[in-house]
Amino acid sequence: MFDMDKSWNDGPRSPDATGQSPAAEPYARPRKKKEVEPTRVHPPLLALIDVLFTLMLFFVIAARTKLAEGEIPGSLPNITGTDEVSAEPIAITVRPLGDGQNNCQYELDGQALSDAGKLYERLSSRPKLYGIGTLENIPVLIRPLRGVRWRWAVEAYNQALRAGYHKVRFDPGYY
Amino acid sequence: MKKKKRGSPGEVGFNYTPLIDVTFNIIIFFILTTEIAEANLAQVTPPYPADSVAHGRVAGENHCTVNIVVKNPDSKDTEGAGEAKEYQIDGEPIPLGDVERLSQEFKSRQANWQRPAGASKDAEFYIEVRGDERVRYDAVAPVLLAAAKAQIKKMTLTAKKKDD
(Lines give C-alpha, C1' and ligand atoms only; values in the text may rest on other atoms or scores of the structure.)
Protein backbone atom coordinates (compact mmCIF):
# COMPACT_ATOMS: atom_id res chain seq x y z
CA MET A 1 0.00 0.00 0.00
CA PHE A 2 0.93 3.56 -0.49
CA ASP A 3 2.47 5.14 2.57
CA MET A 4 0.89 8.58 2.88
CA ASP A 5 3.03 9.78 5.72
CA LYS A 6 6.21 9.00 3.93
CA SER A 7 5.23 10.58 0.69
CA TRP A 8 4.12 13.98 2.08
CA ASN A 9 6.16 14.53 5.19
CA ASP A 10 9.65 13.58 4.21
CA GLY A 11 10.39 16.96 2.65
CA PRO A 12 13.07 17.72 0.14
CA ARG A 13 15.88 15.37 0.03
CA SER A 14 19.39 16.61 0.35
CA PRO A 15 22.29 14.90 -1.33
CA ASP A 16 23.18 11.94 0.79
CA ALA A 17 26.55 10.94 1.93
CA THR A 18 27.34 9.12 -1.26
CA GLY A 19 26.81 12.38 -3.19
CA GLN A 20 24.02 11.00 -5.27
CA SER A 21 21.50 13.44 -6.50
CA PRO A 22 18.07 13.13 -5.02
CA ALA A 23 16.55 13.87 -8.41
CA ALA A 24 16.46 10.28 -9.16
CA GLU A 25 14.24 9.69 -6.19
CA PRO A 26 10.51 9.37 -6.85
CA TYR A 27 9.08 12.38 -4.99
CA ALA A 28 11.69 15.04 -5.53
CA ARG A 29 10.60 18.66 -6.06
CA PRO A 30 10.32 19.34 -9.80
CA ARG A 31 12.93 21.56 -11.31
CA LYS A 32 11.88 25.10 -12.12
CA LYS A 33 11.42 25.49 -15.81
CA LYS A 34 13.49 28.10 -17.53
CA GLU A 35 11.30 31.11 -18.46
CA VAL A 36 10.84 31.34 -22.18
CA GLU A 37 10.37 34.74 -23.77
CA PRO A 38 6.96 35.13 -25.44
CA THR A 39 7.22 34.77 -29.19
CA ARG A 40 6.73 38.04 -31.08
CA VAL A 41 4.12 37.93 -33.79
CA HIS A 42 4.93 40.01 -36.82
CA PRO A 43 1.90 40.36 -39.11
CA PRO A 44 2.85 41.19 -42.69
CA LEU A 45 2.26 44.94 -42.52
CA LEU A 46 3.94 45.69 -45.79
CA ALA A 47 1.10 44.17 -47.79
CA LEU A 48 -1.42 46.21 -45.79
CA ILE A 49 0.52 49.40 -46.40
CA ASP A 50 0.72 48.62 -50.11
CA VAL A 51 -3.04 48.27 -50.30
CA LEU A 52 -3.63 51.42 -48.28
CA PHE A 53 -1.32 53.46 -50.47
CA THR A 54 -2.95 52.10 -53.60
CA LEU A 55 -6.38 53.06 -52.23
CA MET A 56 -5.13 56.49 -51.34
CA LEU A 57 -3.64 57.02 -54.78
CA PHE A 58 -6.92 55.96 -56.36
CA PHE A 59 -8.85 58.52 -54.36
CA VAL A 60 -6.32 61.27 -54.98
CA ILE A 61 -6.40 60.71 -58.74
CA ALA A 62 -10.01 59.76 -59.35
CA ALA A 63 -11.77 62.13 -57.03
CA ARG A 64 -12.42 65.82 -57.00
CA THR A 65 -13.68 68.06 -54.27
CA LYS A 66 -17.38 67.66 -53.70
CA LEU A 67 -19.17 69.82 -56.20
CA ALA A 68 -21.21 72.68 -54.93
CA GLU A 69 -23.15 72.39 -58.17
CA GLY A 70 -26.83 71.90 -58.42
CA GLU A 71 -29.53 71.93 -61.03
CA ILE A 72 -32.22 74.53 -61.55
CA PRO A 73 -35.22 72.77 -63.04
CA GLY A 74 -36.90 74.12 -66.12
CA SER A 75 -38.77 73.27 -69.25
CA LEU A 76 -38.42 73.81 -72.96
CA PRO A 77 -41.05 75.20 -75.29
CA ASN A 78 -42.85 73.08 -77.82
CA ILE A 79 -41.58 74.68 -81.01
CA THR A 80 -43.11 72.13 -83.33
CA GLY A 81 -46.63 72.46 -81.99
CA THR A 82 -48.40 74.99 -79.88
CA ASP A 83 -47.97 75.49 -76.21
CA GLU A 84 -50.97 75.90 -74.01
CA VAL A 85 -50.94 79.41 -72.70
CA SER A 86 -53.07 79.93 -69.65
CA ALA A 87 -52.17 83.52 -69.01
CA GLU A 88 -50.39 86.47 -70.52
CA PRO A 89 -46.66 85.81 -70.11
CA ILE A 90 -44.34 88.10 -68.25
CA ALA A 91 -41.26 89.04 -70.22
CA ILE A 92 -37.94 89.81 -68.56
CA THR A 93 -35.41 91.34 -70.91
CA VAL A 94 -31.77 90.98 -69.95
CA ARG A 95 -29.63 93.71 -71.50
CA PRO A 96 -25.81 93.64 -71.49
CA LEU A 97 -24.04 96.58 -69.87
CA GLY A 98 -20.55 97.90 -69.28
CA ASP A 99 -17.08 97.17 -70.54
CA GLY A 100 -16.84 93.70 -71.98
CA GLN A 101 -20.55 93.39 -71.29
CA ASN A 102 -19.76 92.16 -67.82
CA ASN A 103 -22.88 93.61 -66.27
CA CYS A 104 -26.51 93.65 -67.14
CA GLN A 105 -29.78 95.39 -66.66
CA TYR A 106 -33.16 93.68 -66.33
CA GLU A 107 -36.32 95.10 -67.77
CA LEU A 108 -39.71 94.15 -66.49
CA ASP A 109 -42.99 95.90 -67.27
CA GLY A 110 -41.04 98.65 -68.97
CA GLN A 111 -39.01 99.32 -65.85
CA ALA A 112 -35.23 99.02 -65.75
CA LEU A 113 -33.95 97.09 -62.76
CA SER A 114 -30.28 97.23 -61.90
CA ASP A 115 -29.84 94.07 -59.90
CA ALA A 116 -31.26 90.66 -59.14
CA GLY A 117 -32.66 91.72 -55.77
CA LYS A 118 -34.82 94.39 -57.35
CA LEU A 119 -35.96 91.97 -60.02
CA TYR A 120 -37.01 89.52 -57.35
CA GLU A 121 -38.90 92.19 -55.41
CA ARG A 122 -40.69 93.33 -58.54
CA LEU A 123 -41.62 89.77 -59.51
CA SER A 124 -42.82 88.98 -56.01
CA SER A 125 -44.92 92.11 -55.72
CA ARG A 126 -46.63 91.63 -59.09
CA PRO A 127 -49.64 89.73 -57.72
CA LYS A 128 -50.47 92.67 -55.46
CA LEU A 129 -49.85 95.18 -58.22
CA TYR A 130 -51.99 93.44 -60.81
CA GLY A 131 -54.39 91.55 -58.59
CA ILE A 132 -53.25 88.12 -59.70
CA GLY A 133 -54.05 85.26 -57.39
CA THR A 134 -51.53 82.58 -58.09
CA LEU A 135 -48.16 82.77 -59.76
CA GLU A 136 -47.79 79.13 -60.65
CA ASN A 137 -49.61 79.26 -63.96
CA ILE A 138 -48.22 82.52 -65.21
CA PRO A 139 -45.52 81.94 -67.81
CA VAL A 140 -42.32 83.93 -67.51
CA LEU A 141 -40.17 84.43 -70.58
CA ILE A 142 -36.53 85.35 -70.20
CA ARG A 143 -35.22 87.34 -73.14
CA PRO A 144 -31.44 87.69 -73.02
CA LEU A 145 -30.21 90.10 -75.67
CA ARG A 146 -27.10 89.52 -77.79
CA GLY A 147 -23.88 89.53 -75.81
CA VAL A 148 -25.42 88.88 -72.40
CA ARG A 149 -23.33 86.64 -70.20
CA TRP A 150 -24.87 83.32 -69.26
CA ARG A 151 -24.63 84.17 -65.57
CA TRP A 152 -27.11 87.05 -65.93
CA ALA A 153 -29.54 84.93 -67.89
CA VAL A 154 -29.40 82.24 -65.19
CA GLU A 155 -29.75 84.94 -62.54
CA ALA A 156 -33.03 86.16 -64.07
CA TYR A 157 -34.25 82.56 -64.40
CA ASN A 158 -33.38 81.85 -60.78
CA GLN A 159 -35.12 84.97 -59.45
CA ALA A 160 -38.31 84.12 -61.32
CA LEU A 161 -38.37 80.63 -59.80
CA ARG A 162 -37.50 82.03 -56.41
CA ALA A 163 -40.40 84.46 -56.63
CA GLY A 164 -42.78 81.52 -57.03
CA TYR A 165 -43.30 81.27 -60.79
CA HIS A 166 -43.21 77.71 -62.11
CA LYS A 167 -43.44 78.17 -65.85
CA VAL A 168 -40.17 79.95 -66.52
CA ARG A 169 -38.59 79.61 -69.95
CA PHE A 170 -36.13 81.22 -72.24
CA ASP A 171 -38.08 82.89 -75.00
CA PRO A 172 -37.70 80.71 -78.12
CA GLY A 173 -37.69 83.88 -80.18
CA TYR A 174 -34.31 84.63 -78.62
CA TYR A 175 -32.70 81.25 -79.40
CA MET B 1 35.20 48.06 -14.38
CA LYS B 2 32.09 46.11 -14.94
CA LYS B 3 31.96 44.43 -18.28
CA LYS B 4 28.91 45.24 -20.29
CA LYS B 5 26.70 42.33 -21.01
CA ARG B 6 26.63 41.52 -24.64
CA GLY B 7 23.11 40.94 -25.86
CA SER B 8 21.92 39.86 -29.22
CA PRO B 9 22.45 42.53 -31.92
CA GLY B 10 19.51 45.00 -31.67
CA GLU B 11 16.91 44.76 -34.41
CA VAL B 12 16.28 48.06 -36.16
CA GLY B 13 12.54 48.18 -36.62
CA PHE B 14 10.30 50.69 -38.36
CA ASN B 15 7.17 51.61 -36.48
CA TYR B 16 4.41 51.27 -39.05
CA THR B 17 1.48 51.95 -36.76
CA PRO B 18 1.37 55.78 -37.02
CA LEU B 19 1.92 55.53 -40.77
CA ILE B 20 -1.08 53.26 -41.12
CA ASP B 21 -3.12 55.52 -38.83
CA VAL B 22 -2.35 58.57 -40.93
CA THR B 23 -3.03 56.73 -44.19
CA PHE B 24 -6.39 55.51 -42.91
CA ASN B 25 -7.29 59.02 -41.84
CA ILE B 26 -6.39 60.40 -45.26
CA ILE B 27 -8.47 57.72 -46.98
CA ILE B 28 -11.45 58.44 -44.74
CA PHE B 29 -11.06 62.16 -45.46
CA PHE B 30 -11.09 61.53 -49.20
CA ILE B 31 -14.06 59.20 -48.98
CA LEU B 32 -16.07 61.78 -47.07
CA THR B 33 -15.14 64.92 -48.96
CA THR B 34 -14.88 63.81 -52.54
CA GLU B 35 -16.91 62.22 -55.22
CA ILE B 36 -15.73 60.29 -58.18
CA ALA B 37 -15.03 62.56 -61.11
CA GLU B 38 -17.69 62.26 -63.74
CA ALA B 39 -16.41 61.86 -67.24
CA ASN B 40 -19.20 63.99 -68.66
CA LEU B 41 -18.24 67.07 -66.65
CA ALA B 42 -15.86 69.46 -68.34
CA GLN B 43 -14.01 72.27 -66.62
CA VAL B 44 -16.71 74.85 -66.27
CA THR B 45 -17.44 77.60 -63.74
CA PRO B 46 -21.19 77.48 -63.24
CA PRO B 47 -23.14 80.64 -62.45
CA TYR B 48 -23.89 81.46 -58.84
CA PRO B 49 -27.20 83.30 -58.71
CA ALA B 50 -28.26 85.19 -55.60
CA ASP B 51 -30.27 82.89 -53.31
CA SER B 52 -29.84 80.06 -55.76
CA VAL B 53 -32.72 77.62 -55.98
CA ALA B 54 -30.46 74.93 -57.44
CA HIS B 55 -30.74 71.56 -55.77
CA GLY B 56 -28.38 68.61 -55.82
CA ARG B 57 -27.15 67.20 -59.09
CA VAL B 58 -28.79 64.01 -60.20
CA ALA B 59 -26.58 61.21 -61.38
CA GLY B 60 -28.06 58.80 -63.86
CA GLU B 61 -28.73 57.95 -67.44
CA ASN B 62 -31.92 59.91 -67.81
CA HIS B 63 -30.22 63.07 -68.96
CA CYS B 64 -27.60 64.39 -71.30
CA THR B 65 -25.18 66.97 -69.95
CA VAL B 66 -24.07 69.60 -72.44
CA ASN B 67 -21.00 71.47 -71.26
CA ILE B 68 -20.39 74.89 -72.77
CA VAL B 69 -16.71 75.54 -72.34
CA VAL B 70 -14.87 78.87 -72.56
CA LYS B 71 -11.75 79.33 -74.65
CA ASN B 72 -9.58 80.69 -71.84
CA PRO B 73 -10.87 79.35 -68.56
CA ASP B 74 -8.04 80.97 -66.56
CA SER B 75 -8.29 84.49 -67.93
CA LYS B 76 -10.18 87.25 -66.17
CA ASP B 77 -13.57 88.43 -67.29
CA THR B 78 -12.26 91.74 -68.55
CA GLU B 79 -9.63 90.17 -70.79
CA GLY B 80 -11.99 89.05 -73.44
CA ALA B 81 -12.91 85.85 -71.65
CA GLY B 82 -16.34 84.52 -72.32
CA GLU B 83 -15.67 83.41 -75.83
CA ALA B 84 -17.15 79.95 -75.91
CA LYS B 85 -14.84 77.29 -77.28
CA GLU B 86 -17.13 74.37 -77.98
CA TYR B 87 -19.84 72.14 -76.58
CA GLN B 88 -18.86 68.92 -74.90
CA ILE B 89 -21.00 65.88 -74.37
CA ASP B 90 -19.27 63.10 -72.45
CA GLY B 91 -15.94 64.65 -73.37
CA GLU B 92 -16.73 64.67 -77.06
CA PRO B 93 -16.41 68.14 -78.59
CA ILE B 94 -19.16 69.53 -80.79
CA PRO B 95 -18.60 72.75 -82.75
CA LEU B 96 -20.39 75.86 -81.57
CA GLY B 97 -23.72 76.52 -83.15
CA ASP B 98 -24.06 73.07 -84.71
CA VAL B 99 -27.74 72.73 -83.94
CA GLU B 100 -28.27 69.76 -86.24
CA ARG B 101 -25.58 67.67 -84.64
CA LEU B 102 -26.72 68.58 -81.15
CA SER B 103 -30.27 67.72 -82.06
CA GLN B 104 -29.22 64.35 -83.51
CA GLU B 105 -27.21 63.63 -80.38
CA PHE B 106 -30.17 64.42 -78.14
CA LYS B 107 -32.53 62.34 -80.25
CA SER B 108 -30.28 59.27 -80.22
CA ARG B 109 -29.67 59.52 -76.51
CA GLN B 110 -33.34 59.94 -75.81
CA ALA B 111 -34.11 56.92 -78.01
CA ASN B 112 -31.53 54.79 -76.18
CA TRP B 113 -32.83 55.78 -72.80
CA GLN B 114 -35.30 53.38 -71.30
CA ARG B 115 -37.57 54.34 -68.50
CA PRO B 116 -36.48 52.25 -65.52
CA ALA B 117 -39.01 49.75 -64.23
CA GLY B 118 -41.02 51.22 -61.41
CA ALA B 119 -40.17 54.80 -62.33
CA SER B 120 -42.97 57.32 -62.14
CA LYS B 121 -44.69 58.55 -65.29
CA ASP B 122 -43.11 61.94 -64.73
CA ALA B 123 -39.66 60.46 -65.20
CA GLU B 124 -38.50 61.64 -68.55
CA PHE B 125 -35.34 62.34 -70.45
CA TYR B 126 -33.96 65.84 -70.11
CA ILE B 127 -30.93 67.88 -70.98
CA GLU B 128 -28.68 69.56 -68.49
CA VAL B 129 -27.23 72.85 -69.72
CA ARG B 130 -23.91 73.18 -67.95
CA GLY B 131 -22.60 76.48 -69.21
CA ASP B 132 -19.69 78.50 -67.96
CA GLU B 133 -20.95 81.68 -66.35
CA ARG B 134 -18.76 83.79 -68.65
CA VAL B 135 -20.03 82.53 -71.98
CA ARG B 136 -22.54 84.61 -73.81
CA TYR B 137 -26.12 83.58 -74.21
CA ASP B 138 -25.53 83.47 -77.96
CA ALA B 139 -23.54 80.27 -77.41
CA VAL B 140 -26.20 78.71 -75.19
CA ALA B 141 -29.24 79.47 -77.32
CA PRO B 142 -28.38 76.83 -80.01
CA VAL B 143 -28.38 74.15 -77.30
CA LEU B 144 -31.88 75.11 -76.23
CA LEU B 145 -33.02 75.23 -79.83
CA ALA B 146 -31.55 71.80 -80.56
CA ALA B 147 -33.24 70.33 -77.49
CA ALA B 148 -36.56 71.86 -78.45
CA LYS B 149 -36.12 70.47 -81.99
CA ALA B 150 -35.49 67.04 -80.52
CA GLN B 151 -38.82 67.48 -78.72
CA ILE B 152 -37.27 67.29 -75.28
CA LYS B 153 -39.56 68.94 -72.79
CA LYS B 154 -37.44 69.18 -69.71
CA MET B 155 -34.11 70.80 -69.01
CA THR B 156 -32.05 71.87 -66.07
CA LEU B 157 -29.51 74.66 -65.72
CA THR B 158 -26.38 73.95 -63.75
CA ALA B 159 -25.68 76.53 -61.07
CA LYS B 160 -23.91 76.62 -57.76
CA LYS B 161 -26.02 75.76 -54.79
CA LYS B 162 -26.82 78.23 -52.07
CA ASP B 163 -24.45 77.91 -49.09
CA ASP B 164 -26.15 76.25 -46.17
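User: In this predicted model, which residues of H3(B) does H2(B) meet?

Analyst: From the side of H2(B), the contact is made by Val99(B), Glu100(B), Leu102(B), Ser103(B), Phe106(B) and Lys107(B). The residues of this contact, taken over both helices, divide into eight nonpolar, one polar and three charged. The partners in H3(B) are Pro142(B), Val143(B), Leu145(B), Ala146(B), Ala147(B) and Lys149(B).

User: Is H2(B) roughly parallel or oblique to H3(B)?

Analyst: The axes of H2(B), residues 99–112, and H3(B), residues 137–149, come within 8 Å and cross at roughly 50°. Because of that angle, the arrangement of H2(B) relative to H3(B) is classed as oblique.

User: Is the crossing of H2(A) and H1(B) left-handed or right-handed?

Analyst: Helix H2 of chain A, residues 45–62, packs with helix H1 of chain B, residues 17–33, at an angle of about 25° and with the axes 10 Å apart. Angles under 35 degrees count as roughly parallel, so H2(A) is roughly parallel to H1(B). As for its hand, the crossing of H2(A) and H1(B) is left-handed.

User: Which residue of chain B belongs to the ring cluster with Trp150(A)?

Analyst: Over all chains, the count of aromatic pairs comes to seven. Ring pairs link Trp150(A), Tyr157(A) and Phe170(A) into a cluster with a residue of chain B, namely Tyr137(B).

User: How far is Arg162(A) from the ring centre of Tyr120(A)?

Analyst: Chain A also places the charged end of Arg151(A) over the ring of Trp152(A), 4.4 Å from its centre. Arg162(A), for its part, lies over the face of Tyr120(A), and its distance from the ring centre is 3.7 Å.

Technical notes:
Residues numbered from 1 in each chain as written. Chains lettered and ligands numbered in written order. Predicted model: local features only at pLDDT ≥ 70, side-chain atom pairs only at ≥ 80, totals over all residues. Heavy atoms only, no water. Axes fitted to C-alpha atoms, helices over the stretch in contact; angles between N-to-C directions. Helix = DSSP H or I, 4+ residues; strand = E, 2+ residues; numbered from the N terminus. Parallel < 35°, antiparallel > 145°, perpendicular 65-115°, else oblique. Left-handed = near helix turned anticlockwise from the far one by under 90°. Phe/Tyr/Trp six-rings, centres within 6.5 Å; stacked < 30°, edge-to-face > 60°. Lys NZ or Arg CZ within 6 Å of the ring centre and 35° of its normal. Contact = heavy atoms within 4.5 Å. Nonpolar A, V, L, I, M, F, W, Y, C, P; charged D, E, K, R; others polar.
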